[in-house]
Amino acid sequence: MYPFSMVSNIAIRSQEFGLSMTEPGSFSTYAKFDGILGLGYPALAASGATTVFANMISQQLVDEPLFSVYLTREGGESGSEVVFGGVDSSHYTGQINWVPIMYDAYWQILIDKVPLIKGKSGRDILREKGLLGDFLKKHPYDPCSKYQVPYCSQILDTTEPMINYLDLSYYGAISIGNPPQSFTVIFDTGSSNLWVPSVYCSEESCTEHHRFNPSASSTYYSNDQRVSIQYGTGAMVGILGYDTVRISNINIHNQEFGLSTSEPGGFFSYVNFDGILGMGYPSLAASGATTVFQNLMSQHLVDEPLFSVYLTRQDGMSGSEIVFGGVDTNHYTGQIHWVPVTYEAYWQILIDRVTINGEVVACSGGCPAIVDTGTSLLVGPSNPIYTIQQYIGATPTYYGQYNINCNNLNNMPDVVFTINGVDFPLPAQAYTLQDNFNNERSCSSGFGSSSGSLWILGDIFIGEYYSIFDVGNNRVGLAKAV
């Protein structure tokens, strides 16, 4: 311990510091600095040492209990600086935006953007394995059966796989527990529970994925309450537990979630995501579980009670994202058109009509629709969807699939959805699924039919229109995505 430590012209008395006796590895040999002056919170200091900035404050050596950093992007020794006790207004413009600290050790703040990965869907993987045709033959696919509403027929068979997620390809990363265990999930506005596979499940649909191990988390607890989450054509059966859930840098404490003990059917063996994070309304949550977004609001982890979704149509890891507590103005152009939610369970709205070339082809008197990030296609009743397929020149293949001639995209019409008095056109590039399999380009229709009267505005629609889910005002915002 030395009498004084000097930082610029500031003399800090009796400053505790470390004198190295060994520095493992060879990195320090090549570094141009001699040591490290930590400016993190005192809680982080090894051996309980008093930090430099703690002494600056206690010895009244700074005007304000803050410091600021300016880093130039140019080479050389001049320009960059640390200011102790104030800010240098010559180094910034506009107002200062203050962000609360989430964890008083590191300078941890909330990053509200969660990147989504566009990868292979279950359909892609089944097709690559030569199993798609047989799978669809055994398991007829009705997207509407996912929803517990009067507009959809409900024929529940818990031995069937949850093929409603057959075409989904947008995944995001979360972690659960302490230390964190990582999972890839679908952020699904068509359901409200969070669940992941667990070590209690020995089926292949679980063992092919990351499984949560409760005994490996110091913060996990459970009341052993059973849960069965219905998805129309299947169910996840398991128990409810509580633990810390991390989404990006957001720490959600005591989050209720499902640990699967059984995932009926073999479908989940073929998908690249581990579980599902429901973003629907609380009334939809199985077993009355508290939803993730409820906790985000009650624990004051979001600035506003809303979240927004941007989906790119390109494969790869970049671009798509979900923003909690705000919107990203870089991802849309023009104004946001707000649409009231008509049923506070799913994000259900009303479509005024659907037109092609000015002719009404569906919903002439209005029809219900759900904006659902957990459905890939744009789905409607079988008769109007068949009419749309004819208008766009799609030809039926097998098990409800329709092909499109890739060379005709520039000549195909827009399909226009009028919602709350505003037209939302979908061009052919938006409603056509383009793929390259075995070096052969193929195109198929992004419209799918169901047995009910409900329309589902899935990723086909959301990819074209930036979507904002406003929990506080029970409305959905739509703007042209860029």
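Phe-187, Phe-324, Phe-417 and Trp-455 touch the most other members of the largest nonpolar core, which has 74 residues. Such a core is a set of buried Ala, Val, Leu, Ile, Met, Phe, Trp, Tyr and Cys residues joined through side-chain atoms within 4.5 Å; buried means under 20% relative accessible area (1.4 Å probe, protein chains only). The model is predicted: local features need pLDDT of at least 70 and side-chain atom pairs count only at pLDDT 80 or more, while totals for chains, interfaces and linings use all residues. Residues are numbered from 1 along each chain as its sequence is written, and side-chain values use heavy atoms, with hydrogens and water left out.

**Disulfides**
- The whole structure contains three disulfides, each a pair of cysteine sulfur atoms within 2.5 Å.
- Cys-201 and Cys-206 are joined with an S to S distance of 2.1 Å, and their link is right-handed, with 80° about the S-S bond.
- The sulfur atoms of Cys-363 and Cys-367 lie 1.8 Å apart; Cys-363 is buried at 11% relative accessible area and Cys-367 at 7%.
- Cys-406, in the loop between β24 (402-404) and β25 (415-419), is linked to Cys-443 in strand β28 (residues 440-445), 37 residues apart.
- Both Cys-406 and Cys-443 are buried.

Conventions
Buried means under 20% relative accessible area, exposed over 50%, partly exposed in between (1.4 Å probe, protein chains only). Helices (H or I, at least four residues) and strands (E, at least two) are DSSP runs, numbered from the N terminus.
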